[in-house]
Each structure stands twice: as structure tokens, then as C-alpha cells.
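Please open the model in a viewer and keep the selection tool at hand. The stops below are meant to be taken in order.

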Amino acid sequence: MDLKDPAGARYADTAFTNGYEFTQGHGYQLPEYPFVAPPEIGAKEPARHPIVIVGGGISGLTLACCLARHGVAAVLLDEDNTVGVKGASSRGICYTQKSLEIFQRLGIYERIAAKGIEWSVGRTFAGHDEVYSFDLRQQGSFNLSSQPAFINIQQFYIEGYLVERIMELGHVQLRWSNRVTAFTQDKDGATLSVSTPAGDYRIRAEHVIDATGSRSPFREWVGASVTAKRGDDRWCIADVRFTKRPPTERHTWIEAPFNENRAVWQHLMGDEVWRIDYQMAPNADPEYVSREDVVRERLARQFGNDTEVEIVWVGPYAYRSECVNQMRHGRVFFMGDSAKIVSPFGARGGNTGVADADNLAWKLAAVTRGQAPVSLLDSYHDERHEAASENVRVTNRTARFLRPADGVERIFRNATISLAKQHAFARSLVNTGRMAVANSYSRSRACDRTGGISVQNVRLRWANGRPGCINDLLLWSGSRLLLLVFGTLDAATVRRLQQLSASAPLLCVQVVGAGVTPAAREHVRDPQGHLQGACRVSGTGWALVRPDAYLAATGGKVDGSLVRKLSTALATRLETA
Ligand SMILES: Cc1cc2nc3c(=O)[nH]c(=O)nc-3n(C[C@H](O)[C@H](O)[C@H](O)COP(=O)(O)OP(=O)(O)OC[C@H]3O[C@@H](n4cnc5c(N)ncnc54)[C@H](O)[C@@H]3O)c2cc1C
């Protein structure tokens, strides 16, 4: 991908905000994708497509790539002709294990790992004291996956890798410089009006995905209600390069003595670019705080006058908090920032857009292939609205800790900080951002109460002894569900499983420990029990894993309850039930 190095970049004078409140900035030179006149221009009747995705940011592109991998046809429309945000540097920088696992399934993880920076150590300071530190590698919740806890990389690199992967896989048409200007829907389908440099056209769709980001026009077009909150917290990013490199750790100051006792974040991303994010006074003038001499003075206060700093980009911003009350409105599915907007603390924006995409993709694939009824799509709201609400709640709490109201909130924060300096119990109350996690689903119509939990991409052994991971099994099962049966099996159970896979979109795989002779032709080995642990099955039992690496259900015996739970996962009633 031809992204010019910041040192050689041609900087734009004005920032293109794309929904975020950057008011000034410079950026990388991003790739430009060619406009190709769509065949519908000049046609009498609009062409009909099963799936139209509007918006080619990280969420829309992830969905497009997931669909391409499932071999499902779709059209993606984006008003721009590039990735990222023109005139700005990167918005997102921090990607979680769950996103990295998804990207591995999509075939772009290796590129992300090669370009990005893996980190696991975080330190939190107040004044001149370190309040606490953590190392995610020591935490059991992260250490079994084939992917690390986090990788920092500029968001536009991921988007660029997705574009290239979609073009490699086929099935999805990427239409750049195609702006959606109007939308209607009826019982037969949805109609989108699209404006392009070669003229306007209309397109019909069975399902429409709104991935247009925080300024979604679809919210108004479908009359979506939104729960919203706006604060007065102001920040200013300085993306910089140093000649002398600080440690590859996340450093967070709740009260930084070099920033008038306001918060500061310090993170490394690709190309040796450091993101230093400074909290500003609520009434700060964005133009003033991002003036080069003012930024340089701020950096000198933190790093000393003798540290050589190259400024890559400066961007002041504010954030808001919003969540649509319904993720689905008829044929329209809200995804990513169009569904919810959160403050950046905890990296919950882009990462949850990626999870939205992975959740919807296999359901759309199963429905368009006729493997599940259209009602399966309703579970997208159940699951991803629960996740969105949780992410809004968690990030709002962080925002209040970082910018407490005068009075009780500020007294609480001050007390927490001074207690945390001395007592371990108070450290969990210091909230500088709860890092994004794979959200669990507790009220989905498609998950049993034993399911709704993300399964880590743990390692296993193929029958021939080669190493593999659970993502390999998911790639093998495609848009079918994966039934992992742990332990020994008798001949009658093997026959029963064969019948079940013939009557449902299901791949059955027996999982055996070291030294056990498998009864089923399709089997893998789990010598250390990591796969079994990740699936939360103890002893003999089974786990039904969905293509998005979430458990639909688990159980003990292969009996009628498995068929019932399989029916639930597919929103259908299987004949064998
Ligand atoms: C300072 C900052 C730091 C952040 N850090 C992180 C982080 O570390 N990790 C993380 O996960 N997230 C982070 N985020 C959040 C993350 O950047 C967003 O959540 C993410 O960009 C949302 O992606 P999206 O695809 O939903 O929307 P967008 O990226 O906004 O993409 C929307 C797309 O829709 C297109 N579009 C809009 N309207 C139309 C139309 N009418 N017709 C056709 N196309 C249209 C646009 O051209 C654009 O390509 C951060 C955000 C900020 C501001």
C-alpha cells in the first residue's frame, strides 16, 4: 500500500473532520482508489442487490471482507476515494485481541502484526508517583490466544489492508466516490439514491448496512431514536516522532504535572509515531492549543528541551456519547459509529465496529444462502445493542473520572487517587479507561444461557499432528456452525452426529486429548485442554461455536437438548428436533 511516510508527507492545510471534531490538522498521504462509473447510471430500472453496505470505514470494510470470505455478494458505497480521514492522522490506534483474531480469520493479521506495535505493559501516574502498573501477558484472560492482547497501529493501515484483501477475495464491489443521498424502504426492498462524479443513480437492496459513522444520515431517514449525551471535555493530540525512544508501554497520567495537572496519554504506534494525547481546559480554544509553538512548548515540558521532536500531526478534539435505541430498522442495520459513539478511552469505538461486522456477517451469509430464516437477523440487535449499551456505559464512567464535575465527583476522584498511591484495593477505582473486551451476550434470542461468550483463538493439533488454532476450524466450517464434541464417542453417537450434520448447516468435529483414539473421521487433538477450557466444557460434553467465534451453547450429552439448542442458534426449528 502506498501510504507515504510522515516525514515525506504532503500536509493538507485544512482538516476533513468526517464526523469527529478535529478542527485543524495535518496527515499522511493516503492511497486514492479510482472511481468507476456504476452500470446503473442511465438504467431505466434500478438494479437489485442482496446486500448494500454504505460506508467504507473500519466497520463497513470489515463487514465487506467478512462477506467476501463467506463468498457472499455485496456492494459497498463510500462517498470518499480513500481510507482514513483526509487531512488528519489516524483516529484509532489500539486494537484488541478479539479484533486481531477476527483480522486473522480475514487474512490480514500478519500485515497488522508486521506494521504495528505489540504492547502489554501499562503504567498509570498521578503527579510524580506511579499509582499502578499491569502486564496483560500475566493475565490468564489474554495468554491462550494465538493473538496478543493488543497491537497499536494507525487505523488507516487496517482499512487499507481490508480494501486489498476484499479485492483479492472478490464477491464485493467497492464503489468509491459514491455518496448515498436518500433512502426509502417498503415491503419489497430498499431504494438508495446515489450521487457520483458521472451522475446519479438508484439501487435496490434486500438488506442495507449503515456504516456511515457518527454523522449517519440513516438515523433521520429511518426515524431512529438516539440516547445522547455531550460533555465539555477537550483534548489535543500530538502525534510525534522522537530521536530518543521512550519504552514501548502505555503511560497514562491522571494528573500530569507537565500538563497543568490534567490527564495525558502516551502510546506508540506504527512508523515509530507516538500518540501523546493531552487533556485541555474545558474552555480551551482549539486553534490556540494546536498552534505549533504551543504544542512544542507542551512537549518540551513533558520530555525536556533537549529532546528532538518531529511533529507528524496535531488534532484537537471533543467527543460525545450516543447510542441508537434499535440496531435494526426494517431492512437497515446500524453498525460501528452510526450505531453508537463513545469517547476514545479504552479503544471501544473501532474495535466494537469490527465486532458488529463479524456478528452480522455470518448471519447475513446464513440467511442469503437459505441456511437460516431471516428472523436470525433480529439477534443482531439483541447482541450488539447489549454490547453498545455496555460500551457507552463503561466509557461514560471513564469520562466522568477524567473530567469530574465540581463537588462530590471531584472529591471522590481526589480521595481515590491518594488512596490508590498507598492501597491496592483503591487502584481498581482509578478509571483511566477500561480497555475494550469481547462483550458477552446475556439476552440474545439466538444464544442459550450457556452461550453468548467469545471463544479465544486457542491452539490445537490437527489429526496429523500439525499445529492449528480454532480460527482454522472456523475457516473450515465457513458459514456453518461448528460442533465440537469433547471426549470419547460410541458408534451410535457418531451416527447421530452424522445425521445431524446432514440436516443442518453444521460441521461436527471430535476433540480428543493425548493418547485417545478418535471415533469420528473429523477430529482434532487438544493435548493441553486449552480448546476445552476456551469452550467452557468440563469432562465429556459439547460446544456449539458460531462463525464469529462465540459460543451459541454448550451441553453434556449428545441428545435432544443439542438439537433444541442448535435450532435456537439458527432461529429455526430443525426437523430432527
Ligand atoms: C482521537 C480518537 C482516538 C480513537 N482511538 C481508537 C482506538 O484506539 N481504537 C478504536 O477501536 N477506536 C478508536 N477510536 C474510534 C474509531 O476511530 C471509530 O470508532 C471508528 O472510526 C468508527 O468506524 P466506522 O467505520 O463505524 O465509521 P467511520 O470511520 O466514520 O467511517 C464512515 C465511512 O462512511 C462514509 N460515508 C459517510 N456518509 C456517507 C454517505 N452518505 N454515503 C457514502 N459513504 C458515506 C465515510 O466516507 C467513511 O468512510 C478513536 C477515535 C478518536 C476520535
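Contact here means heavy atoms within 4.5 Å, and an angle between elements runs from 0 to 180 degrees between the N-to-C directions of their axes. The model is a predicted one.

**Stop 1: a helix across a sheet**

Valine 511 has valine 524 of E24 as its bridge partner. In general, strands of a sheet pair through backbone hydrogen bonds, either parallel or antiparallel.

**Stop 2: a covered strand**

Next select residues 274-280, strand E15. Are its residues buried or exposed? Seven of the seven are buried. Trp274, Ile276, Tyr278 and Met280 point one way, while Arg275, Asp277 and Gln279 point the other way.

Strand E12 (residues 226-242) pairs with E15 in the antiparallel sense over seven bridges; here aspartate 239 has arginine 275 as its bridge partner. Strand E14 (residues 262-268) also runs antiparallel to E15, and five bridges join the two. Valine 264 is bridged to tyrosine 278 of E15. E14 and E15 form a hairpin with five residues between them. In the turn, look for aspartate 271, which has a positive phi of about 65 degrees.

**Stop 3: the nonpolar cores**

Select Ile53 and Leu192. In the largest nonpolar core, which has 97 residues, these two touch the most other members. Helix H8 (residues 349-368) gives the most to this core, with nine residues. Another core lies apart from it and has 31 residues, including Cys94, Leu136, Met269 and Met435.

Go back to leucine 192 and show what is around it. Leaving aside residues up to four places away in sequence, leucine 192 touches Val52, Val54, Val180, Ala182, Phe183, Tyr201, Arg202, Ile203, Ala205, Val208 and Phe218.

**Stop 4: the ligand**

An N or O atom in the side chain of arginine 91 is 2.7 Å from an oxygen atom of the ligand. For isoleucine 93, a backbone N or O atom lies 3.0 Å from a ligand oxygen. For glycine 350, a polar backbone atom is 2.9 Å from an oxygen atom of the ligand.

**Stop 5: a covered helix**

Finish with residues 97-106, helix H2. How many of its 10 residues are buried? The count is nine: Gln97, Lys98, Ser99, Leu100, Glu101, Ile102, Phe103, Arg105 and Leu106. Glycine 107 follows H2, and its phi is positive, near 90 degrees.

Note on methods:
Residues numbered from 1 in each chain as written. Predicted model: local features only at pLDDT ≥ 70, side-chain atom pairs only at ≥ 80, totals over all residues. Heavy atoms only, no water. Core = buried A, V, L, I, M, F, W, Y, C linked by side-chain atoms within 4.5 Å. Buried < 20%, exposed > 50% of the residue type's maximum accessible area, 1.4 Å probe, protein only. Helix = DSSP H or I, 4+ residues; strand = E, 2+ residues; numbered from the N terminus. Pairing = 2+ DSSP bridges. Polar contact = N/O pair within 3.5 Å; in protein donor to acceptor, adjacent residues only side chain to side chain.
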